[in-house]
Amino acid sequence: MAKVTIRDVRKAFEAVEVIHGVSIDIADGEFVVLVGPSGCGKSTLLRMIAGLESVTGGQVAIGDKVVNNLAPAERDIAMVFQNYALYPHKTVAQNMAFALKLRRTDPREIEERVGRAADILGLKPYLQRYPRQLSGGQRQRVAMGRAIVRNPQVFLFDEPLSNLDAKLRVQMRTEIKELHQRLKTTTVYVTHDQVEAMTMADKIVVMQDGRVEQVGAPLELFDRPANLFVAGFIGSPSMNILTGTVAGGDKPAVSLEGVTLPVAGRHAVSDGQPVLFGIRPEHLELASDGFPAQISVVEPTGSETMVFLRAGESKLVALFRERHDFKPGDTIHLRPRPDRVHLFHAQTAQRI
C-alpha cells in the first residue's frame, strides 16, 4: 500500500490543455473517487497515475517515488477497466494468473494467490469456466480478481460498473467497498455517477473542465458545497436554485410569489445584494405560510414521492418520504427549512 501525491499536474494534447494544474493528496489506504461530468478529465488523470498517458507538467508520486517517467509495469498498480478486458480463450483461473505468469512467479504462489482472490470474490465455483460462460457481474469480479492477485500498492478503477444493469451496479459497488475494507489498499475510482461516489468514497474529488472544484468527505460536499457546480452535481435529485436578494440587514431572504423565505445563521452579505438561494428537494416542507407552487408531474417510487413543480417562472423539485395524494395541476404551499438553505454569490457562483 502507498499514498498517491498529485502536484500541479497538467496534460495537453498538442495545443489543447485538458488538465489544468490539478493537485490531490491521497492517503495510504484511502478510497478516493474522482467524479464529474463526461469530458471533465477524470479518466485522463487516472490514466496518468497508471502511466497510460504521459504527464505534460507537474508530478505524480506513488509512495515516495515520482513515477512520471516510469512504465506502467514499474508503478506497482493494478487497473480495472470498464470493459473487463478478459482473454476469451482462457479460463477464469488462467485470466487471474496471467500477469503473475508473465513475472515468472512460482506456480505454487500463483495457485495460492488465485485461490485466495477467488475466495474473497466468490469465484471458486467458476475457476474452470470461460468468460463467455459468465454473467456481467461475474466477469467484473474476475477483472477485480486479476488485480487482487498482483497485490499492488494502488488499485485504479475506471468506471467499472458502467456496463452493468441497475440492480447489479448496486450489488457490485457494495462488494467493491467491502473488498476495500478487507484489503485496505489505496484505491482511486473514476465515475460520472455521483451516487456511486457518495456511497463508496472516503474522499470525493469533484472535477469540471480539467480542474478540481472541491475535495472532501461525501457528506461534507453534500452539506457545504463550495460552489454552484458542486451543489448541482452532488445530490440526487439536484439542488433547487432560486434567485433572490438580501433583506433585513445580515439576514438573507428570498422573495418568491410574494413570500419572504428566511435563512438561518449570519452571512457576509449586504442589504439588496443579489444571491442564489439553494435548497435540496428533501428540505422543502409543506406549510400553509409557504410559497405557492403548481404540480407538474408526480413520480412515486414507493419509499418516497418526487414532485416536479412550477412557482412563478421557477421550476422546482420536492421530495417527500411520506405519501400524499398529489395530482398534476394541484397547488401546494412549500417552505424551505431555514437551517438547510445554501447561499451562493450571484456573479461568482461561490458559496457565501
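Biologist: Which helix gives the largest share of the lining of the second largest pocket?

Modeller: Helix α3 (residues 107-121) does, with 4 residues. Helices here are DSSP runs of H or I with at least four residues, strands are runs of E with at least two, and both are numbered from the N terminus. This is a predicted model in which local features need pLDDT of at least 70 and side-chain atom pairs count only at pLDDT 80 or more, while totals for chains, interfaces and linings use all residues. Residues are numbered from 1 along each chain as its sequence is written, and side-chain values use heavy atoms, leaving out hydrogens and water.

Biologist: Happy with that! How should I read a pocket, and what is the volume of the second largest pocket?

Modeller: Rolling a probe the size of a water molecule over the atoms shows where empty space is left. On a 1 Å grid over the protein atoms alone, a pocket is an open set of points with protein on both sides within 12 Å along at least five of seven lines, whereas a cavity is a set where a 1.4 Å probe fits but cannot get out; lining residues have an atom within 4 Å of a point. Points are joined across faces, edges and corners, and the volume is the space filled by probe spheres set on them. The second largest pocket comes to about 150 Å³. Its lining includes Arg-113, Arg-116, Ala-117 and Ile-120, as well as Phe-155, Leu-183 and Thr-185. By class, that lining has 7 nonpolar, 2 polar and 2 charged residues (Ala, Val, Leu, Ile, Met, Phe, Trp, Tyr, Cys and Pro are nonpolar, Asp, Glu, Lys and Arg charged, the others, Gly among them, polar).

Biologist: And which residues lie nearest the centre of the largest pocket?

Modeller: Met-79, Phe-81, Ala-99, Arg-146 and Arg-150 do, out of 18 lining residues. The volume of the largest pocket is about 440 Å³. At least two lining residues each come from β6 (77-80), α2 (92-102) and α4 (136-148). The lining of the largest pocket holds 15 nonpolar and 3 charged residues, with no polar ones.

Biologist: How many cavities of 30 Å³ or more does a search of the whole structure find?

Modeller: The search finds 1, and about 50 Å³ of space lies in this largest cavity. Among the residues lining it are Phe-31, Phe-155, Phe-157 and His-180. Two or more of the lining residues come from each of β7 (154-158) and α5 (166-183), and α5 has the largest share, 4 residues. The lining of the largest cavity divides into 6 nonpolar, 3 polar and no charged residues.

Biologist: Now to strands. In what sense do β9 and β10 pair, parallel or antiparallel?

Modeller: Strands of a sheet pair through backbone hydrogen bonds, either parallel or antiparallel. Two strands pair here if DSSP finds at least two bridges between them. Strands β9 and β10 (residues 211-216) are antiparallel, with 5 bridges, and Gln-208 is bridged to Arg-211 in β10. Their hairpin has 2 residues between the strands, and Asp-209 takes a positive phi near 50° there. Strand β3 (residues 31-35), by contrast, runs parallel to β9 over 4 bridges, with Val-32 partnered by Lys-203.

Biologist: What is the strand order in the open sheet of 4 strands?

Modeller: The order is β2-β1-β4-β5, with antiparallel pairing. Strands β2 (16-26) and β5 (65-66) are at the edges and have a single partner each, so one side of each has no neighbour in the sheet. Strand β4 (residues 57-62) meets β5 over 2 bridges, where Ala-61 stands opposite Val-66.
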